Amino acid sequence: MLLFSLVSGRSYDVEVVKLTYNTSLETGHVVQASGIVAIPKNKTGPSPLMSYQHATVFKDTAVPSNDPLFDMTPILAASAGFVSVAPDYIGYGSSKALTHPYIQAIPSANSVIDLLRAAKTYLKQREIALNNQLFLVGYSEGGYTTIAAHKQIESAFADEFLVTASIAGGGPYDIRGAANKTILNESTLDSPAHFGYVVHAYDRMYDLDNLTLRAIASPHHRTVDNYYDGNSTGSAINTVLPRNTSELFNAYFQSNYAGIAGELSLKYRLDQNNVYDWKPAAPVKLFHGQNDSYVDYSNATKALSVMQANGAESVTLTDCSAVPSNHTKCAVQFATFATSYLFTVATDR
């Protein structure tokens, strides 16, 4: 992440401000959320705006407004001349009492868009100028949220925001396809905590007839119910959830899900939260590792092919060249990839 300063050739002191703002769940219910804006100090002239969507965190203490140093990307971007914002996401920070709507497109996008609104209002009050560039950047869950926000901006708020480009790495854009593979085709999971989060969040947010109890084998369903409250780390959850899917999933649930008429409500919600089937106008720069066992590489290739088939002219996919090209190693290389693109395109830094 230090690449921001190295590439820019300059460095500003940075002011980090916590913002609280109103956003909404998929139901339209308004909630208070939080995030940060990082501002380059003593910079003259307007700055490009970057919204940074963080990867999956399990512990509330790690989100931007609680620990801006846990993931320093927004601060480093500001040190290089960007004004950067970073949402905590619903279910963290000021909204910790709520269930985090994990890998759910509308509330994920809302948390980004409404923070952008709040930040623009705050910056205007302080007479901090922005240019006309808006970059959306994120990896893993942040990659998914980046594409979800870009899609929602262009479909519903094009008169308010103009996306310059999205840079998304390692995201589960085809969440239905990812779920199919995990439930039906995987024998072991490197991180059962991640898919357990999907089950927990979809059950809580969509009231899927006790999905957690039906899908997760006893006694592990209690882990899923009790560990996603922002107080446990992913590694702690992975120590108590089995990696073997025959132990993790209820066999009847797996059999039912495999059937054409089985688990239709869950499948509908998964399909509803796919974010790959649309036509972006602004460039989309995808990045993924072919050996990613957390989020399968097919998520990126499907997004690329479908967006291009829909007529998008500026969607590209760059393969991670790390050895091995797994989710963790590619996160580091994604920082290089994103920084290089930002400094090629951004102006007024």
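This is a predicted model: local features need pLDDT of at least 70, side-chain atom pairs count only at pLDDT 80 or more; totals for chains, interfaces and linings use all residues.

Reader: In what order do the 8 strands of the open sheet lie?
Author: Helices (H or I, at least four residues) and strands (E, at least two) are DSSP runs, numbered from the N terminus. Two strands pair if DSSP finds at least two bridges between them. The pairing here is mixed, and the 8 strands line up as 1-2-4-3-5-6-7-8.

Reader: How many bridges join strand 1 to strand 2?
Author: Strand 2 covers residues 30-40 and runs antiparallel to strand 1. Along this pair, Val16 sits opposite Ala38, and Thr23 has Val31 as its bridge partner. The number of bridges joining the two strands is 11.

Reader: Which residue takes a positive phi in the hairpin of strand 1 and strand 2?
Author: That hairpin has 5 residues between its strands. The phi in question is near 95°, and the residue that takes it is Gly28.

Reader: At what angle does helix 14 run to strand 5?
Author: Helix 14 (residues 327-345) lies across several strands, including strand 3 (47-53), strand 6 (165-169) and strand 5 (130-139). Axes are lines fitted to C-alpha atoms, for helices over the stretch in contact, and angles run from 0 to 180 degrees between N-to-C directions. Contact itself means heavy atoms within 4.5 Å. Helix 14 runs to strand 5 at about 165°.

Reader: Are helix 3 and helix 4 roughly parallel or roughly perpendicular to each other?
Author: The axes of helix 3 (residues 105-125) and helix 4 (residues 141-156) come within 8 Å and cross at roughly 80°. Angles under 35 degrees count as roughly parallel, over 145 as roughly antiparallel, 65 to 115 as roughly perpendicular and the rest as oblique. So helix 3 and helix 4 are roughly perpendicular.

Reader: How many charged residues are in the contact of helix 3 with helix 4?
Author: Among the residues that meet are Ala105, Ile106 and Val112 in helix 3, and Tyr144, Ala148 and Ile153 in helix 4. For the classes, Ala, Val, Leu, Ile, Met, Phe, Trp, Tyr, Cys and Pro count as nonpolar, Asp, Glu, Lys and Arg as charged, and the others, Gly among them, as polar. The contact of helix 3 with helix 4 has 9 nonpolar and 4 polar residues, and the charged count is no residues.

Reader: How are helix 5 and helix 12 set to each other?
Author: Their axes are 7 Å apart, with a packing angle of about 135°. Ile175, Arg176 and Ala179 of helix 5 make the contact with Lys267, Leu270 and Asp271 of helix 12. By that angle, helix 5 and helix 12 are therefore oblique.

Reader: Which helix gives the most to the lining of the largest cavity?
Author: On a 1 Å grid over the protein atoms alone, a cavity is a set of points where a 1.4 Å probe fits but cannot get out, and a pocket is an open set with protein on both sides within 12 Å along at least five of seven lines; lining residues have an atom within 4 Å of a point. Grid points are joined across faces, edges and corners, and a volume is the space filled by probe spheres set on the points. The largest cavity has about 60 Å³, and its lining has 10 nonpolar, no polar and no charged residues. With 4 residues, the top giver is helix 6.

Reader: And which helix supplies the largest share of the lining of the largest pocket?
Author: This pocket holds about 780 Å³ of space, and Ala55, Thr56, Val57, Phe70 and Asp71 are the closest to its centre of the 37 lining residues. By class the lining has 23 nonpolar, 11 polar and 3 charged residues. The largest share, 8 residues, is from helix 14.

Technical notes
Residues are numbered from 1 along each chain as its sequence is written. Side-chain values use heavy atoms; hydrogens and water are left out.
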